[in-house]
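Let's take a walk through a protein model together. Have the sequence and the 3D view open as you read.

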Amino acid sequence: MIRTVATTPFEGQKPGTSGLRKKVRVFQQDNYAENFIQAVFDAVSPPRGAVLVIGGDGRFHNRAVIQQAIRMAAANGYGRVLAGAGGILSTPAASHVIRKHQASGGLILSASHNPGGPDEDFGIKYNVANGGPAPESVTEAIYVRTQTIDRWLTVDWADIDLDKPGVVTVAGMVVEVIDPVADYADLMESLFDFVAIRAAVSDGMTMCFDAMHAVTGPYAHEILERRLGFRAGTVHNGTPIEDFGGHHPDPNLVHAKVLYDLMMSPEAPVLGAASDGDGDRNLIIGKNRFVTPSDSLAMLAANAHLAPAYAGGLKGIARSMPTSAAADRVAQALGLPSFETPTGWKFFGNLLDAGMATICGEESAGTGSDHVREKDGLWAVLLWLNVLAVRRISVDDLAREHWATYGRNYYARHDYEAIETEKANALMAELTGGLDALAGREFGALKVAAADSFAYVDPVDGSVSRNQGVRVMFAGGSRIVFRLSGTGTEGATLRVYLERYEPVDGKLDEPVSAMLGELIAAAEAIAGIVRHTGRTAPDVVT
Ligand code: VG1
Ligand code: CO
């Protein structure tokens with residue numbers, strides 16, 4: 001009954017920061033998705049009868065790949081597949097389902113915040129048994145396998161009805177089509193003080209959640225409107241659409257501009273929030289106050305004890321290297337260890353598994369905790385709501401209070417997108433080559449204290465990850481980081497991360513752009529962005 005299909009390798013099936021991401025047209029080539037999925041199965045060689053979770057963010061091509069993956073799982077000896085109804089499972093929900101049902105792993109079909117549709121992006125990532133993204137040892141093994149693959153395995157079986165929850169069999173393998181929302185919503189209810197949030201809602205706490213026509217719509221309708229009692233209509237763009245309505249499901253100030261404008265207007269509710277394509281990112285905006293993701297991590301860590309799940313305190317706080325040091329200051333004040341990892345959630349998994357960190361975050365709008373092994377957009381929104389409901393404070397007041405206590409890390413990220421790969425590589429090579437000469441140099445009032453190419457030694461398993469971005473640290477706590485994105489599908493994206501620290505007695509309420517002006521000039525002087533790329537301004541500032 002198992003059919004072997006002959007194939008030849010495709011170049012470039014190397015998982016990036018978060019799985020394999022390519023244009024839909026690339027994935028639509030014969031054997032392309034199949035080769036990668038078979039390479040995953042070959043690399044992880046699941047024990048016979050293992051459980052596999054499959055779901056996606058609902059984007060174009062999702063259903064076709066899910067049906068094919070189910071047949072391939074049956075041919076590869078899996079015993080049971082759990083698939084989200086409608087092909088839907090947000091990334092954090094998939095992480096939870098893997099853990100709850102003790103699956104051996106999961107396939108998450110998503111290109112996250114990248115646009116969707118026939119001419120846009122698709123992606124596949126594999127998560128391991130702890131519910132988290134495959135660590136580099138596994139992604140490397142998958143990549144190696146893609147380079148020699150010569151066959152994939154399937155069974156001749158019709159598509160299943162993905163929209164009907166229940167149990168069917170595919171060539172003897174059990175497929176359970178599960179409600180994608182229920183397990184996750186229950187988990188959220190177990191972590192947060194829903195009673196306090198409901199009480200604040202009946203006392204007038206309002207919010208607006210923009211699901212960006214992506215995966216979080218059904219989750220937000222259930223949790224925010226049904227379980228917490230926010231009025232119907234609180235969730236905007238709550239129905240997943242295959243092309244996200246033609247927008248980028250990227251919750252930043254550019255792509256969630258409608259929400260931002262609302263939050264800066266007299267009609268603003270107490271909290272504005274949004275999530276991305278696969279539901280793992282979050283955008284937090286209070287009335288007249290945008291909270292950077294780096295600040296959000298720090299503010300949530302400082303207040304997490306107000307939520308039942310974290311009432312006993314945190315074990316540690318971890319952030320990715322380009323994320324601002326605001327969270328480190330909270331960790332220091334609470335007497336907690338803090339960790340600085342490379343970009344990408346996979347690096348938090350070991351710290352969470354080992355009980356060394358409870359809360360983690362990335363500057364790219366990712367925040368999460370040890371409740372799953374992915375960043376979790378709605379989790380962050382709910383923790384904010386929990387804190388606001390208990391403290392009865394505005395986001396703006398909470399932010400000001402935080403800065404008055406810890407000082408403020410002014411922060412922005414400048415992205416230069418779709419640069420020719422050779423030019424971007426040349427820029428990074430020159431920058432890396434000149435690092436040793438940087439220490440002690442002055443750029444205006446900024447003096448370089450140290451500069452390096454970031455390398456990480458995992459404190460749990462000792463694995464080493466090198467070349468994770470160039471850091472230029474200035475005296476006084478300001479910093480510039482340069483790195484190339486690992487999630488794009490066109491050319492290269494240069495990310496420049498700018499951070500300026502102001503102590504508690506410094507300037508705490510200035511416009512961010514004014515505070516970062518000197519750093520922006522220093523970044524140009526150090527990296528020669530215009531000279532290398534011809535670009536005089538970033539495409540996206542977040
Ligand atoms: C980006 C972000 C990174 C995040 C990754 C996946 O990676 O910078 O912080 O973990 O996307 O997020 P890169 O390599 O492009 O900078 V998601 O929501 O796309 O899974
Ligand atoms: Co995402």
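First, some ground rules. This is a predicted model, so local features need pLDDT of at least 70 and side-chain atom pairs count only at pLDDT 80 or more, while totals for chains, interfaces and linings use all residues. Residues are numbered from 1 along each chain as its sequence is written, and chains are lettered from A and ligands numbered from 1 in the order in which they are written.

**The domains**

The protein chain splits into domain 1 (2-179), domain 2 (184-406) and domain 3 (408-541), with bounds that come from an automatic or database domain assignment. Between the C-alpha centres of domain 1 and domain 2 there are 28 Å. Their contact uses 31 residues from domain 1 and 31 residues from domain 2; two residues are in contact if their C-beta atoms, placed from the backbone, lie within 7 Å. On the domain 1 side, helix α4 (residues 91-100) gives the largest share, six residues. Helices here are DSSP runs (H or I, at least four residues), strands are too (E, at least two), and both are numbered from the N terminus.

UniProt, in an unreviewed entry, lists residues 13-150, 183-285 and 294-406 for "domain: Alpha-D-phosphohexomutase alpha/beta/alpha". Its positions are given in the numbering used here, feature names are shortened, and annotations may be inferred rather than shown by experiment. Here are two of those stretches:

**The cores**

In soluble globular proteins, nonpolar side chains tend to be buried together. A nonpolar core is a set of buried Ala, Val, Leu, Ile, Met, Phe, Trp, Tyr and Cys residues joined through C-beta atoms within 7 Å. "Buried" means that 20 or more other C-beta atoms lie within 10 Å of a residue's own, "exposed" means 12 or fewer, and "partly exposed" is in between, with C-beta atoms placed from the backbone.

The largest core here has 132 residues, and Leu52 and Leu383 are among those with the most contacts inside it. Helix α13 supplies the largest share, eleven residues. Domain 1 (2-179) and domain 2 (184-406) each give this core at least three residues. A second, separate core has 30 residues, including Leu446 and Ile529.

**Helix α13 and what comes after**

Now zoom in on α13 (residues 377-391). Its 15 residues reach 21 Å from first C-alpha to last, close to the 21 Å expected at 1.5 Å a residue; the expected span is 1.5 Å times one less than the number of residues. Most of α13 is covered, with 13 of its 15 residues buried.

Just after α13 sits Arg392, with a positive phi of about 50 degrees. Is Arg392 buried or exposed? Arg392 is exposed, because it has 10 other C-beta atoms within 10 Å.

Asn237 also isn't a glycine, yet has a positive phi of about 50 degrees. Find Asn237 in the loop between β11 (235-236) and α9 (257-263). Asn237 is buried, because 23 other C-beta atoms lie within 10 Å.

Last stop: Arg281, in the loop between β12 (271-274) and β13 (283-286). Arg281 counts as buried because it has 27 other C-beta atoms within 10 Å. Arg281 and Lys375 are 94 residues apart along the chain, but their C-alpha atoms are separated by 6.7 Å. Leaving aside neighbours within four places in sequence, the contacts of Arg281 include His113, Asp276, Lys375 and Gly377.
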